[in-house]
Structures are given as C-alpha cells and as structure tokens.
Amino acid sequence: MQHKIDSKQHGPRGEAMTGAIESCVHCGFCLAACPTYTVLGEEMDSPRGRIYLMKNVLEGNLEQEEAQPFIDRCLGCMGCVPACPSGVAYGDLLTSYRAKVESERQRPLIDTVTRRMIIETLPYPARFRAAATAGKLGKLVQEALPDQLRTMLNMLPASLPKAIPIPPVVAAKGTKRARVAFLTGCVQTVLAPDINAATVNLLSANGVEVVIPQNQGCCGSILSHIGEEDRAMALAKNNLTAFAQIDGEVDAIITNAAGCGSGMHEYGLLFAWQPEQKMAEAFAAKVKDITVFLDELGLVGIPENQPERKVAYHDACHLAHAQGVTDPPRNLLSAIPNLTLCELNDGGLCCGSAGTYNLEQPDIAAQLGRMKAQAIADTGAETVVMGNIGCFTQVENHLAKMGATIRVMHTVQLLAQAYGV
Amino acid sequence: MTHPETFYQQLQEICPGRRTLTRHVDLLPYESDALVAFSTKPAAVVLPETEEEVVAIVKVCHAAGVPFVARGSGTSLSGGSMPIKDGVVIALNRLNKILAVDPQQRTAIVQPGVINLKISTAVKQYGLYYAPDPSSQSICTIGGNIAFNSGGAHCLKYGMTSNHILALKVVLPDGEIVEFGSESTEGMGVGPDLIGLFVGSEGLFGIALKITVRLLPIPEQYKTVLAAYDTLEKAGDAVSAVVASGLLPGAMEIMDKMALKAAEAAVKTGYPAGAEALLIVELEGEKEQVEREFAELVNVIEGTGAYAVEVARDEAHRGKIWKGRKGAFSSVGRLSPDYIVQDGVVPRSQLGKALAEIEAASKRYGLGVANVFHAGDGNLHPLIMYDGRIEGQLEQAEKLAGEILATCIKLGGTLTGEHGIGVEKRDYMPLLFGETDLDVMDNIRNQIDTKGIANPGKKLPTGEAPALKMHGMHPLEKAGIISRE
Ligand SMILES: Cc1cc2nc3c(=O)[nH]c(=O)nc-3n(C[C@H](O)[C@H](O)[C@H](O)COP(=O)(O)OP(=O)(O)OC[C@H]3O[C@@H](n4cnc5c(N)ncnc54)[C@H](O)[C@@H]3O)c2cc1C
Ligand code: SF4
Ligand code: SF4
C-alpha cells in the first residue's frame with residue numbers, strides 16, 4: 001500500500017498514527033476479534049476498516065465527519081491488538097486520532113449534554129454521588145428523557161452503597177513482604193466501595209503495607225479514552241504530584257480497575273513532548289494491576305477449608321487486551337481450594353461496557369451485553385468474576401435482564417471472601 | 001451514479017437501509033482485499049442476510065449486465081475479492097450460520113460466510129473437526145476457501161478444500177440455482193465431478209450458497225517436532241528425506257530466518273535460537289502409531305544435519321508454534337512496510353534448489369525475501385519485502401516475484417498452490433498453459449456466464465495478447481478496470 005500521510009502536520013502524535021497505519025498489512029486477522037464487526041458485520045466497523053478510514057482522513061481523501069460515526073462506534077476494547085500479527089499499535093492510533101479530532105469537531109446537542117455529564121461528574125466521586133442520587137430521584141421524569149440519558153440513569157444501582165473510608169496507611173499483617181501505593185479510583189469508590197476495601201484487606205493479609213495518598217483523584221483514563229486530552233492531562237498531573245509526595249519507596253502502584261491501569265500505562269504517550277514526560281513514564285512503569293502484583297508476589301495462607309465453587313472468569317478488555325493480563329487472575333483464582341474455573345465462549349469479545357460506551361452507543365452496547373450474559377449463563381457457574389468496575393455494572397444489568405441469578409464480583413472480592421477478610 | 005437510479009432501487013428493495021451501501025465512505029474499506037497493491041471502487045456493496053437475497057441480487061445484476069464479485073472476509077492475497085470497476089460487491093459475511101451437524105455421518109451443512117475455524121469450534125463437542133486449515137482460518141470464510149481451493153499446513157495428509165466438500169448449492173451468474181454432489185459421505189453421484197469444477201473457480205462460476213463439508217475425528221495425539229538448520233537448503237532437502245522414509249506427517253512446514261524473526265516478535269514462541277531455517281513436522285493419529293513414527297522421524301532427521309531438535313512441550317506450546325507459523329505473513333509487516341506474498345509450487349525434490357535460486361535472486365535485486373511455506377506440498381511462499389514509499393521499489397519487487405514464479409515453472413512446478421490466480425497472476429497463465437488450454441477454460445466460463453458478469457477480469461487472461469510481465473502498468477490498469485495505490 002502506498003502511504004501519503006504527512007505526519008508532521010498532525011502534531012506530537014502524528015508519528016504514532018503514521019506508524020500504526022503503515023504497519024497494517026490489511027490481512028483481516030483482526031476482524032474476528034472485533035466486537036463491532038461481529039455485531040454489525042460490515043468492513044467500516046472493523047479494525048482494518050477503521051484504520052483504512054483514518055488513513056484516508058489523514059491523507060485528505062475523506063472528510064473527517066464522514067468517517068467519524070465508524071470511529072465513534074469503536075469500543076476501544078483493543079480486542080484487535082493481540083489478534084494482529086503485524087503488531088499494529090491500534091491503541092496509540094485510536095487515542096491519538098480521537099484527541100486530534102475531538103479538538104476540531106462539532107457534536108449534536110444531545111451528545112454534548114451526555115459528554116458534559118460524563119466529563120463533569122464521572123471523574124469526581126462527590127459530584128458523581130450527588131448526580132447519581134439526583135438521578136434516582138429523577139426516575140419519575142425519566143420517560144421524558146432522551147434515550148442516551150435514560151441509559152445512563154438505568155446503569156445506576158437502585159441505592160448507592162455507603163462509602164467505606166480507608167485510612168492513609170494500612171499495615172501489613174504478619175511479616176512485611178512489600179510496600180505499595182494504591183489508586184482508589186473515582187466511579188468505583190461510589191458504586192462499589194467494597195472492592196477497594198477488599199483490595200486493601202487482601203494486600204494486608206498477604207503481608208503488604210498499603211499507602212493511600214489522600215489528595216489523589218481520578219487518573220484521567222476515562223477522559224483520555226474519549227479524546228478529552230487536556231482534561232485528562234490535568235487530572236493525571238494531579239495524581240503524579242500526589243503519588244510523588246509519598247514518603248519512601250513503594251514496590252508498585254496498585255490499581256484494581258483495568259480501565260485505570262491501561263490508561264496509566266499510556267501516561268508516557270499522554271505527556272509526549274511535555275515537561276512531565278519522564279516523570280509520567282516512571283510512574284507508568286510502576287503501575288500494576290492488583291492480580292499481576294499478587295501473582296508475582298505469591299499468595300500466602302489461603303484458608304484450606306473452602307466451599308465448592310463454580311466460577312466463570314470474564315476477561316475485561318482493558319486488562320486482557322490492553323495490558324495482556326490473562327493468566328494472573330486465573331492463577332490466583334485457581335489457588336483457591338475447591339474452585340472450578342469456567343471459560344466463556346468467545347471470551348475475547350467485549351461486554352459492551354468499555355468506559356463510556358454504554359452511554360454513547362447504547363444499542364451496540366446492549367447487544368454485546370446480551371451476548372456476554374448468555375455466554376456466562378452457558379457455563380453454569382454461580383459466580384462470575386472480573387477485574388473491572390466498568391464491566392461489572394454492564395454484566396450485572398444484562399444478567400438481571402435475562403433473569404439469571406449469577407453473582408457478579410470483582411476478582412479481589414472473591415479472593416478476600418476466601419481469605420475471610 | 002454510474003448506473004440508472006432503478007438499479008440501485010432494486011438493490012435497496014432486496015437489501016434495505018444500511019444493507020445497500022453507495023457512499024464514498026462506505027465503499028472505501030471494500031476497495032481492496034489483502035493484496036493492497038491493487039484497489040478499485042465498486043458502484044455498490046450489498047450485505048445480504050439470506051440465500052434468497054443473494055439470488056435476487058445476482059438476478060438484478062444479470063438483468064442489468066452489471067458485474068459482481070462475492071466477498072467473504074476479503075483475505076484473498078491475489079486480488080480475488082477486489083471489486084470490479086462499477087460492479088457490485090456481494091458481501092457474504094452475514095450468511096454465517098452452521099445449519100446442521102451430523103456427528104454420525106460426520107458432516108456439517110454451512111452457509112458460505114461461516115468462518116473456517118468456527119466449524120471446528122462448533123463440532124469439537126463431538127470429537128470432530130474440519131481439516132483444511134489455511135493460516136487465515138481464524139477469519140477466512142468457507143465460501144472463499146471454495147473459490148480458491150484453499151489449503152493449509154495440514155493439507156499434506158488430508159488434501160485441500162476440494163477433498164472436503166461433499167455437496168454444494170450454487171447460484172449461477174444468471175440467477176439459476178443448481179446443486180452438486182450429495183450430502184452423504186459415500187455416494188458422490190454419477191457423472192462429471194462438478195464439485196471439482198466449482199471448487200477453485202475463483203468466483204467465476206457463481207456463488208456458493210450452501211455447503212456440505214466432511215468432518216474428521218480429532219486425532220488422539222499430536223507430536224510437533226522442530227528441527228533447526230544452518231542453511232535453508234538443508235531444511236528443504238530434509239523434507240524429501242522425511243517423505244522418502246515413507247512417513248506421512250500431518251504437516252511439514254519451513255520458516256526461514258526472517259520469517260522466524262517476525263513470528264517470534266509476534267508471539268514469543270521460543271523457536272530454537274540462531275536457525276537459518278526451521279522445519280516443523282507434526283505427527284498425528286493414534287497414540288501408539290505416533291510414538292512409533294516419532295522414533296522413526298527423529299532417526300531420519302538426525303541424518304539431515306539439523307543442529308537442534310525440539311519437541312512441543314504441551315498443548316499450549318504447540319498452540320504457540322502454530323500461532324507463530326500461521327501469523328507469519330502478517331508479522332512480516334513488522335519488518336517491512338510492504339511486501340508481496342508469492343505462492344509458487346515446485347516438486348518436493350526441487351525444494352532445495354528452488355530456495356537457493358530465490359536466495360540468489362533476492363541478493364541480485366537487493367530486496368529481502370522471507371520464506372515460510374508448506375514444505376510437504378512443495379508450496380513456496382516467498383515474501384518479497386519492499387518499501388512502497390521509495391520510488392520504483394514496488395516495480396522491482398514485482399519483477400523479482402515474476403522471476404521467482406518463472407523459476408518454479410522451470411523446475412516443473414506451477415503458479416499457485418492455494419492463493420489463487422486472481423488479478424495478480426492472471427497474466428502469468430500463458431506461462432503455464434497453452435492457447436488451447438486457455439481457450440477451453442474460457443469456453444467453459446462463457447457457457448456458464450454468458451454475460452461475463454461473475455468476477456470478470458480475474459483468473460483468465462483476456463483474449464488479446466496477454467502481457468507476461470508484472471512490472472510497469474498492469475494490463476487491467478491500462479484498461480481502466482483497476483487502479484493502483
Ligand atoms: C495472512 C494470510 C495468510 C493466508 N494463508 C493462507 C493459507 O495458508 N492457505 C490458503 O489457501 N490461503 C491463505 N490465505 C489466502 C486467503 O485467506 C484464502 O484465499 C481464503 O480462502 C479467502 O477467504 P475469504 O473469506 O477471505 O475470501 P475473499 O478474499 O473474500 O474471497 C476470495 C475469493 O472467493 C470468492 N468467493 C467468496 N465467497 C464466495 C462464495 N460464497 N462463492 C463463490 N465465490 C466466493 C471471491 O469472489 C474471491 O474471488 C492467506 C491470507 C492471508 C491474508
Ligand atoms: S490484523 Fe493487524 S495488520 Fe492485519 S488487518 Fe488487522 S490491524 Fe491490519
Ligand atoms: S478496539 Fe475493539 S471495537 Fe475498536 S476496532 Fe479494535 S476490536 Fe474493534
């Protein structure tokens with residue numbers, strides 16, 4: 001293929017985009033791994049098609065607006081990345097392209113309203129809590145709301161769980177084996193505070209001291225994944241500072257939200273050409289998903305006496321595809337005595353949650369959610385576990401719609417349960 | 001609009017809404033298959049969802065005299081599913097149902113857009129699988145496999161696609177529906193082998209609508225052996241040695257240094273280090289037989305100068321070995337911005353010689369060539385690497401590709417093992433076939449496709465004196481039928 005992209009013309013990320021596009025050999029191996037191609041069955045909604053459309057836009061053969069619906073429909077699930085033998089850095093391409101386009105585009109009013117809500121509330125626990133509560137009160141007037149906003153409200157649980165405060169330092173139980181810093185996350189603190197509590201308890205039970213910088217906030221990933229680069233950078237900067245203030249060394253920066261983990265691993269790219277680039281890269285190098293960290297450290301002292309459990313594991317995209325983490329959670333779960341681990345059919349396909357996707361593309365998200373719920377039900381497991389809060393809500397909603405009584409848990413919640421902590 | 005408004009309306013009636021595509025942005029992603037050196041924009045892409053819709057579209061095209069091309073997943077490497085200028089692309093990927101499985105008879109009835117690997121996944125529960133395994137099997141469709149008589153690593157033992165198709169329902173280019181073969185595994189019926197005629201016809205004889213495939217029992221055991229060599233020629237000669245010993249492995253593949261480097265980068269398989277060439281031999285069958293053959297194989301390989309021999313440790317390791325091998329073409333994209341995959345065949349005994357000649361030609365042109373191939377079948381896949389951004393390199397690469405094909409033919413081989421002729425090798429056909437042969441083929445085509453609307457311009461050279469070289473303007477480019485990027 002001949003390429004005529006002038007990468008200089010496209011800013012600091014021009015090189016990343018050109019590199020990814022030029023390494024695509026158009027073989028189509030990624031098609032089967034792409035949820036939107038699976039659901040929509042058309043080339044424009046496949047990774048190969050999207051790369052080709054972006055190429056044409058960047059080369060000036062195609063109007064950006066014309067291509068945009070297909071780019072918007074991309075889940076950013078990165079299913080195409082491990083499927084690609086040619087090593088196309090699709091994630092870098094997509095994030096860069098979206099950042100470029102977002103600064104130039106006009107959105108329909110309703111999209112703008114939804115986006116504003118996402119941008120202004122999701123990253124801030126206090127605001128999100130307030131909005132969520134108001135949203136519930138507003139259920140009466142929901143009929144009058146546009147579809148997208150209604151979907152967003154429907155995602156919220158009937159009542160919000162009580163916040164669980166976590167102290168700035170949690171000591172290691174028994175011999176101290178490691179010291180880590182912990183990113184508490186934003187949406188998660190509101191929707192499922194229990195996950196953070198389980199994480200901290202699990203670490204502590206395994207001899208890990210946990211430091212929780214108190215002035216940390218949202219990591220910005222949710223915004224950088226939708227192309228809101230400047231806001232993402234501001235949030236990220238805040239966390240770089242907050243974590244830099246920790247006294248002494250930590251072995252890792254732990255996250256239990258796959259979306260945050262994958263976003264923070266991209267900090268180097270987010271701060272390309274910025275004065276903070278080095279600092280951001282050093283931070284990114286320390287970020288570890290909780291399952292990766294525990295698998296490397298090795299679990300100690302799981303109580304032997306465990307009930308029989310049949311558990312399905314769902315690969316969150318931002319963990320499995322974006323970070324290549326598939327074995328560690330499975331290893332940890334398999335370490336629990338009497339636990340049978342079940343694999344899902346087409347397990348690599350996204351559940352349709354993908355950050356803000358179920359807010360922005362409710363139809364496709366719903367279809368993928370149904371497919372995932374079915375695959376989970378087919379295993380006959382009584383519990384399904386996963387490593388990302390985003391999938392959590394989506395999977396729970398669709399299992400409930402099916403009438404399936406399968407419990408949805410975070411990997412760390414099940415582990416904490418097994419430890420009795 | 002290239003055609004009268006009524007033509008598009010008729011398509012819309014069959015495939016309403018977003019299932020008939022005519023906008024620039026929708027057509028762009030369909031303008032090439034996996035051979036990206038060529039592209040053509042069609043007049044429309046239609047996305048039928050039933051057999052009836054496919055038939056209706058063909059009838060509309062026939063009535064209007066508009067050419068069409070069937071498309072599965074668009075992984076053809078020879079321009080087979082590239083659109084025809086102002087023609088219609090009939091995308092069959094939504095006809096993706098497995099209609100029936102008969103575990104007793106060991107058959108399955110499938111729609112044409114079913115992905116090759118999905119058949120094996122679906123029948124695994126019965127201990128069965130679909131044997132032909134093109135490297136693209138995770139995405140290529142049965143319809144595409146039929147059109148190209150696709151093969152794969154394991155076709156050495158079990159034969160190509162044509163050996164596994166029992167019955168076909170086809171819509172001919174004029175809209176007539178015909179059925180060939182029989183759904184039972186025995187009675188192939190009397191009379192000419194029409195399945196044999198259709199399989200490999202590259203979409204020139206119409207569109208396969210419903211396919212009955214043969215299934216095989218999953219072998220009890222696999223044993224995958226890797227032998228590393230310090231020259232490519234030694235690896236090539238080892239293939240003959242294995243065959244001469246009377247062994248019939250399930251697969252016998254070779255990858256050279258470049259291909260190994262690319263595949264290793266893609267899947268981190270841990271192939272033996274420092275090899276100039278790697279021979280992969282897979283034995284399969286009943287446990288005892290595999291063990292017996294394994295002892296014999298190790299014996300043979302010892303005499304071929306391999307400096308390291310390894311055996312796949314477990315199923316996961318075996319999976320990785322094959323993943324690396326099957327993704328090898330695409331992973332070469334990591335080494336070079338562009339490449340041409342060739343698909344020549346030589347008699348097995350000439351493998352060593354052919355490889356030496358390819359190496360010499362590669363040096364002469366100063367262009368890197370990575371080799372990965374179905375060695376057991378003598379089916380070579382040299383990947384000629386070039387940089388399309390450098391003026392003239394594509395032409396050089398095509399010239400080198402042409403030389404390699406000529407070498408294959410000189411050594412008693414042929415033009416394509418499995419990727420088809422398509423547009424890419426159409427003009428080499430006269431190197432292999434005489435005028436009478438080509439006339440007979442053309443005659444058959446004209447009988448079946450009186451208006452010449454089913455994938456015209458592919459496979460068969462046109463009447464006028466065909467150009468024998470690939471460099472410079474392709475004859476189809478001159479005629480304005482395709483354009484090149
Ligand atoms: C990286 C890579 C590796 C490959 N490895 C192999 C390999 O090991 N072995 C091999 O044989 N091939 C290989 N191929 C080539 C390709 O995958 C095969 O030719 C495959 O069969 C094409 O299937 P498809 O669904 O993509 O068909 P398409 O490319 O969409 O179409 C191929 C041809 O089939 C015709 N066609 C499609 N559907 C029908 C139908 N229902 N009825 C009639 N005609 C139809 C089209 O018109 C076209 O001429 C490889 C390709 C790539 C990119
Ligand atoms: S698998 Fe990779 S190289 Fe192949 S089409 Fe997809 S992105 Fe391009
Ligand atoms: S990121 Fe996901 S949805 Fe987007 S192209 Fe890749 S596989 Fe498809």
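Colleague: Where does ligand 1 lie?

Modeller: Ligand 1 lies between chains A and B of this predicted model.

Colleague: Which residues come nearest to ligand 1?

Modeller: There are 39 residues around ligand 1, and the nearest are B:Ala70, B:Gly72, B:Thr75, B:Ser136 and B:Thr141.

Colleague: What polar contacts does an oxygen atom of ligand 1 have with B:Ala70 and B:Thr75?

Modeller: For B:Ala70, a polar backbone atom is 2.7 Å from an oxygen atom of the ligand. For B:Thr75, an N or O atom in the side chain is 2.6 Å from an oxygen atom of ligand 1.

Colleague: How much of ligand 1 does the protein bury?

Modeller: The protein buries 99% of the 970 Å² that ligand 1 exposes when taken alone.

Colleague: And which elements give two or more residues to that shell?

Modeller: They belong to chain B: strand E4 (68–71), helix H5 (142–148), strand E11 (207–214) and helix H12 (328–331). H5(B) gives the most, with five residues.

Colleague: What is the make-up of the shell around ligand 1 by class?

Modeller: The shell around ligand 1 has 21 polar, 15 nonpolar and three charged residues.

Colleague: What is the volume of the second largest cavity?

Modeller: The second largest cavity holds about 140 Å³ of space.

Colleague: What lines it?

Modeller: The lining of the second largest cavity comprises 17 residues, and A:Cys24, A:Cys30, A:Ile51, A:Cys84 and A:Val88 lie nearest the centre of this cavity. In chain A, helix H3 (47–59) and helix H5 (80–83) are the elements that give two or more residues to this lining.

Colleague: Which element gives the largest share?

Modeller: H3(A) does, with three residues in the lining of the second largest cavity.

Colleague: What is that lining like by class?

Modeller: It has 13 nonpolar residues, three polar residues and one charged residue.

Notes
Residues numbered from 1 in each chain as written. Chains lettered and ligands numbered in written order. Predicted model: local features only at pLDDT ≥ 70, side-chain atom pairs only at ≥ 80, totals over all residues. Heavy atoms only, no water. 1 Å grid on protein atoms, 1.4 Å probe; cavity = no way out; pocket = protein on both sides within 12 Å on 5 of 7 lines; lining within 4 Å. Points joined across faces, edges and corners; volume = space filled by probe spheres on them. Helix = DSSP H or I, 4+ residues; strand = E, 2+ residues; numbered from the N terminus. Nonpolar A, V, L, I, M, F, W, Y, C, P; charged D, E, K, R; others polar. Near = heavy atom within 4 Å. Polar contact = N/O pair within 3.5 Å; in protein donor to acceptor, adjacent residues only side chain to side chain. Areas by Shrake-Rupley, 256 points an atom, 1.4 Å probe, with all protein chains shown as cover.
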